[in-house]
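Work through the exercises below with the sequence and the structure in view. Each task is followed by a solution in steps.

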Amino acid sequence: MEVPQAEASRFSGEIIGYQDHENPWDALQKAFGQRGVHNSVQAALETNYVPYRIVENLRSIINIVSINPVESYIEQLRMLKDESEIAHMKKAAELADYAINVGVENIRKGRTEQAIIAEIEYELAKMGYPETAFTTMVLSGEKSALPHGNPGDRQIQEGDFILFDLGFVANGYCSDISRTVAYKHVSDQQRDIYYKVLEAEEQALNACQPGTPLGELDRTAREVIESAGYGEYFPHRVGHGLGMEAHEAPSLSGDNHDPLQEGMVITIEPGIYVPDIGGVRIEDDVYISKDGPVVLTGYDKSLIIVE
Ligand code: MN
């Protein structure tokens, strides 16, 4: 039933369809037979995505002598983006900026995290972008100190940090942005944390030159945060590759010695999360051009105190 959709996709291989009332495995067995594929085949599979049950079904219609995972091959293909992919990612980044704007405009005393998420996703869906890159995050107050917390019914209060982490999909490509704002007022410590994260982020962004070892980006941000005394409150790597999925190659962990290459799109997202006080994360999407970093996301990064 989905042959027309499959044909409309970017897939350039052969498409074999079957009717709803047919057994797809019979159809596949017949298709193998018609092409002289009978026995002892080597299979190339995306083993991260093909469920074991499907592999069992395949084995029931053909003798698979070996399964070769193709993840690393596809990972390499996807890591370096061409011009049209960069255009889609720019669009996705524009949506992310707009979504942060909607979120900030919707901060009200007593409004819940979930209510703000609903406003963001409703606005973007009306614009024709109903697909998020991952579960939209709005975390407030002490909950902002949980780097991957679950948004819920906590209500916005004065003195809160409100941490947004969200992304939208444009033409199959994802954005991923984090911004943290305050509501009504901030303490000196909150202000200090905010500007340390911003300094760490900006220094790591400046280090995004082709040829730089990927791990150096993490170390650059971490040094700023450690020398400010917050090292133990930065528990995650500084970023990751971005593309058709919100997390893909390369990884920006401190021990990755591979070089940053022209055509990569990565996130830079240091954070400081202090229990009970709250957390700050500032995240941008960066395209590595031959002339250096091009930051795709652009929402204001000065400390915004929502009135
Ligand atoms: Mn991210």
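**Exercise 1.** Decide whether Pro130 is buried or exposed, and state where Pro130 is placed in the chain.

Solution. 
- Step 1. In this predicted model, Pro130 has a relative accessibility of 63%.
- Step 2. Exposed means over 50%, so Pro130 counts as exposed.
- Step 3. Pro130 is placed in the loop between helix H6 (113–126) and strand E3 (137–140).
- Step 4. Leaving out residues up to four places away in sequence, Pro130 touches Leu124 and Ala125.
- Step 5. From Pro130 to Val37 the C-alpha to C-alpha distance is 42 Å, and the two are 93 residues apart in sequence.

**Exercise 2.** Find the helix that holds Thr220, and decide whether Thr220 is buried or exposed.

Solution. 
- Step 1. Helix H8, residues 214–227, contains Thr220.
- Step 2. The relative accessibility of Thr220 is 17%. Buried means under 20%, so Thr220 counts as buried.
- Step 3. The side chain of Thr220 reaches the backbone oxygen of Glu216, at 2.7 Å.
- Step 4. With neighbours within four places in sequence set aside, Thr220 is in contact with Gln203, Ala204 and Ala207.

**Exercise 3.** Which residues coordinate the manganese ion, and what spacing do the donors follow along the chain?

Solution. 
- Step 1. The manganese ion is coordinated by Asp176 through OD, His240 through NE2, and Glu269 and Glu283 through OE. The distances run from 2.1 to 2.4 Å.
- Step 2. Along the chain, these donors follow the spacing D-x63-H-x28-E-x13-E.
- Step 3. The relative accessible area is 2% for His240 and 9% for Glu269. Buried means under 20%, so His240 is buried, and Glu269 is buried too.

**Exercise 4.** Describe the protein chain as a whole: how many helices and strands are there, and what share of the residues counts as buried?

Solution. 
- Step 1. The protein chain has eight helices and 15 strands.
- Step 2. Of its 307 residues, 47% count as buried.
- Step 3. The C-alpha trace spans about 75 × 45 × 35 Å along its principal axes.
- Step 4. Among contacts between residues at least 6 apart in sequence, 67% join residues at least 24 apart.
- Step 5. The protein chain exposes about 15300 Å², of which carbon and sulfur atoms supply 48%.

How values were computed: Residues are numbered from 1 along each chain as its sequence is written. This is a predicted model: local features need pLDDT of at least 70, side-chain atom pairs count only at pLDDT 80 or more; totals for chains, interfaces and linings use all residues. Side-chain values use heavy atoms; hydrogens and water are left out. Helices (H or I, at least four residues) and strands (E, at least two) are DSSP runs, numbered from the N terminus. Buried means under 20% relative accessible area, exposed over 50%, partly exposed in between (1.4 Å probe, protein chains only). Contact means heavy atoms within 4.5 Å. Accessible areas come from the Shrake-Rupley method with a 1.4 Å probe; for residues, only the protein chains shown count as cover. Donors are N, O and S atoms within 2.8 Å of the metal (3.2 Å for Na, K and Ca); water is not among the atoms, so sites may look incomplete. A polar contact is a pair of N or O atoms within 3.5 Å; within protein, one must be able to donate a hydrogen and the other to accept it, and residues adjacent in sequence count only if both atoms are side-chain atoms.
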